Amino acid sequence: MSSAARANRDLLWQRVAIATPYLWLLLFFLVPFAIILKISLADPIVAQPPFTPSFDDEGALAVSLDNFRFLLTDKLYAVTYLRSVVIAGIATLLCLALGFPMAYGIARAREETRGLLLLLIVLPFWISFLLRVYAWMGLMNNHGVINNTLIWLGIIDTPMQMMYTDFAVFVGLTYSYLPFMILPLYATLERMDLDFVEAAQDLGATRTRAFWDVTWPLARPGVIAGCLLVFIPAMGEYVIPYLLGGPESLLIGRVLFDEFFVNRDWPLASAVAVVLLLLLVVPIVILQRNQARDAEGEA
Amino acid sequence: MEHRQEQSSKATGARKDFIRIRNVSKHFGDFVAVDDVNLDIGKGELFSILGGSGCGKTTLLRMLAGFEIPTAGTIEIDGHDVTNLPPYERPVNMMFQSYAVFPHMNVEKNIAYGLVKDGINKDEIAKRVDAMLELVQLGDFRRRKPAQLSGGQRQRVALARALIKKPKVLLLDEPLAALDKKLREHTQFELMNIQYELGITFVVVTHDQEEAMTLSSRIAVMDKGRFRQVGTPKEVYEFPENRFVAGFIGTINTFRGRVTAINEETISVHSDELGLSLPALGKHAVEIGQEVDIAVRPEKIFLDRDRPTNDEDTILQGVVDDLGYLGNRSLYRIRLPGGRIIQASSQNRRRSVTRFLEWEDKVWVSWRPRSAVVLID
Amino acid sequence: MNRTSRLITSILAFGYAFLYVPLILVVVYSFNDSRIATVWGGFSTRWYGELLRNDQVLDAAFLSFRVAFMSASMATILGTMAGLALARFSRFRGRTLFSGMITSPMVMPEVITGLSLLLLFVSLQQLTGWPGQRGFSTITIAHTTFAMAYVAVIVQSRLSSMDESLEEAAMDLGGRPLRVVFDITLPLIAPAMVAGWLLAFTLSLDDLVIASFVSGPGSSTLPMYIFSKVKLGVSPDINALATLIILFVSAGVLIAWLVARRARRVA
């Protein structure tokens, strides 16, 4: 084989390595979004598939913004979006409040124990998400372990209602997404130079002061990554509000699911998805920027 | 050098025990990092603690800074016991080896940090920051972030940040280790000038003997948690007290032997290896028959093509085994008849392209009795 | 120990208890003889027996494992290519879009990914007649798509932490680029590929929402079966199933960790 042919073959191989995943993602990731957008502009009909085509019989463009108008005017949806933001936000703060000291403790633990502590954070992640949420059903039931224990201890007389409340949703979200908070925080805290903290103390800052002046601002990339990694999936969460939340504790992920499967209103479900995506574009972009900057900083 | 050391010893006269370290030990589990150490450092000294990695020098520095509490013993600074004080309550500041310049604050904020923590008013802070920026010549960089500074500039920020609080003692952890050779030499003198100007006591920890020699008024050589010798650079180099110090600082040739005669001003040591008696000048606490080392620095060794005439000297014959030209001087490895190789060096005083000695040339090796050091322990 | 570290230690203890007490209780209650899952009725292993006789569970598990195996393998191949492209081919047209598409599936809410893929399959069916039936193939494609992102990121980070001069040295010694990839690059990123495959496998086994969207009637994965049961409340045979999964995964992860630690110590 001539060297030119070889070089061509090498180039060809590179092209294949790029093109295969590229085309896959175009087809199965990007095109579906275009379809969602298209269907969100259609009207629902009783047919298969249950929505009007984008072009009518004469070939004219037949799109309508009715679904979006409906989402904006119907109070239910606006309230549900807002509730989702608030609940995901509170769950994020709960994860941060518990996750930061944990990540800090792990990062400052002795090197031999650090690996095990980290493993114990990651382990639940490998165990079925659904079953981990399910585990709380047995705990928070009216006749569940928590109520039984509290009654046995004499702290309460009658069971507390925990299941099917927002409280249960917070517990479920915090529980499920805690590892997503801890891991990026740990990564930043672990590679942070302890000299910075000591330098601050040397210059007259108490331990607490040094934490707020140095540790916290330097941990910011980890805090941002952790918060977004919790907030973004929590916004679209379906299983937790379904299993632990009450029937009135609607979150947008569940509304989308029900709109699609129960009401079979595909255009409206698509519109719900488009708006959810628009709400999440900003946090997702921030996350990716943050991640890219982090990778650069390392290099 | 001479001049500066005089200055320092004058300052030392003010107070010889400005820092008093008494019976200080530090254990980490079973490991003894610092082992029952005593040391006095005078006011205004530029004192170096020199040793290899793991010798305990950094632990000792961290105890002075307050990051470690001694397992036993006391540390006093200017007459106050600071042994158990946290770092933020000590009149001591530190320049970290990594510099630890806060990456999220600009130069100005970094330098002002210590004063802000002390609750000093804004005008005063601004004034002192300006003065510091001028001292370390960073006036044009005041709003830069550390990432936009060179290594040398970051080091000056760290220095300014530590000095602005007017500490009684400034601790410097390997201050020049992260700089390249050219910059290191320049910074070395800058540090000395700043120290002289401000009169603050500097305690430097370093593994670099050259750095310690040029910077310091005194050096403590440390090994395995203990001091092996404390003295001026000259004392430590020319009169090492033991084999460790002799070997750690500079290069030295040693010959094992037994004491055969103790005279008024010299002793004689017989070396079986060389098959001759080596005289050494000076009074030593030795006995006849005791095993000692005779040590000679390479630059104290003369190399000649003809036999030297001075009979008091130790004179040997050898062959040039290897040689290296370093520009200002040349290094020689000379093989003695027994196969033993010794090192010698000489200044290249004459400008010439031909070499004074070539490989395998026969050469006479000699040194003065006063150049020989007797090492007992 | 000072006050701060004592506080940190107690928060750590609380955090780990929070993570593990619910799982431990599920394990304990799986041995509960009583049908009412919250009342202790004595020790028994009867639910494990019932689980093994339940054809629905076995069918669902079989489907889940097939999907997981297939999608993890495809995701590893595609993800490794993508990781290589991102880490080693610095400039090509559409690189920004490519890297955006690689990382987006990881942060996309599952409901959106699931819905969008289902709509794609429906449209494809209209246009081409494929897929006639939604099930194994559609779930596998969906899982491959979001799992390949994880593989790509793992491979990419392994590659960028790896010294490029190793590959340059191989080329300097006469290796053609393609040979170098097989001789040097792939062996070096093999651990990352294994890690990526395992992660993709787990993610696929774990997924409920996306599978619910893209599967057709009659094909239920294990999570879909579990979900249909736990919707109705706590049930003892699910406790038994959960226990099996928890013990199996914990043992696997622990062994992997010990092996990795040993390898590191030797190295």
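**Figure 1. Pairing of strands β1 and β4 in chain B.** In this predicted model, Ile19(B) has Ile77(B) of β4(B) as its bridge partner. The two strands concerned are β1, residues 19-28, and β4, residues 72-77, both of chain B. Their pairing is antiparallel and extends over five bridges. In general, the strands of a sheet are joined by backbone hydrogen bonds, in either a parallel or an antiparallel arrangement.

**Figure 2. The hairpin of β1 and β2 in chain B.** Strands β1(B) and β2(B) run antiparallel and are joined by seven bridges. Within this pairing, Lys26(B) is placed opposite Val34(B) of β2(B). The two strands form a hairpin, with two residues between them. Gly29(B) lies in the turn and has a positive phi of about 60°.

Figure 3. Chain B is divided into domain 1, residues 2-247, and domain 2, residues 252-375. Taken over C-alpha atoms, the centres of these two domains of chain B are separated by 38 Å. The contact between them involves six residues of domain 1 of chain B and five residues of domain 2 of chain B. On the side of domain 1 of chain B that touches domain 2 of chain B, three residues are nonpolar, two are polar and one is charged.

**Figure 4. Crossing of helices α7 and α10 in chain A.** Helix α7 of chain A comprises residues 166-191, and helix α10 of chain A comprises residues 220-235. The axes of these helices come within 8 Å and cross at roughly 160°. Because an angle over 145 degrees counts as roughly antiparallel, α7(A) is described as roughly antiparallel to α10(A). The crossing of α7(A) and α10(A) is right-handed. Among the residues that α7(A) brings to the contact are Leu173(A), Tyr177(A), Phe180(A) and Met181(A). The residues they meet in α10(A) include Val223(A), Leu229(A), Val230(A) and Pro233(A). By class, the contact of α7(A) with α10(A) has 15 nonpolar and three polar residues, and no charged residues.

**Figure 5. The contact of chain C with chain A.** In this contact, 63 residues of chain C meet 69 residues of chain A. Several elements of chain C give two or more residues to the side that touches chain A, among them α1 (3-29), α3 (55-88), α8 (177-206) and α11 (236-266). Which element supplies the largest share of this side of chain C? It is α1(C), with 14 residues. By class, the side of chain C that touches chain A has 49 nonpolar, 10 polar and four charged residues. Of the two pairs of chains in contact, chains A and C share the most contacts.

**Figure 6. The contact of chain B with chain A.** Here the contact takes 17 residues from chain B and 15 residues from chain A. Both β6 (92-95) and α3 (107-117) of chain B supply at least two residues each to the side of chain B that touches chain A. The largest share of that side comes from α3(B), which gives three residues. By class, the side of chain B that touches chain A has nine nonpolar, four polar and four charged residues.

Figure 7. Chain C has 11 helices and zero strands. Read along the sequence, chain C follows the pattern α-α-α-α-α-α-α-α-α-α-α. Along its principal axes, the C-alpha trace of chain C spans about 70 × 65 × 35 Å. No contact joins chain B and chain C, and their closest C-alpha atoms lie 13 Å apart.

Note on methods
Residues are numbered from 1 along each chain as its sequence is written. Chains are lettered from A and ligands numbered from 1 in the order in which they are written. This is a predicted model: local features need pLDDT of at least 70, side-chain atom pairs count only at pLDDT 80 or more; totals for chains, interfaces and linings use all residues. Domain bounds come from an automatic or database domain assignment. Two residues are in contact if their C-beta atoms, placed from the backbone, lie within 7 Å. Ala, Val, Leu, Ile, Met, Phe, Trp, Tyr, Cys and Pro count as nonpolar, Asp, Glu, Lys and Arg as charged, and the others, Gly among them, as polar. Helices (H or I, at least four residues) and strands (E, at least two) are DSSP runs, numbered from the N terminus. Two strands pair if DSSP finds at least two bridges between them. Axes are lines fitted to C-alpha atoms, for helices over the stretch in contact, and angles run from 0 to 180 degrees between N-to-C directions. Angles under 35 degrees count as roughly parallel, over 145 as roughly antiparallel, 65 to 115 as roughly perpendicular and the rest as oblique. A crossing is left-handed if the near helix is turned anticlockwise from the far one by less than a right angle, and right-handed if clockwise.
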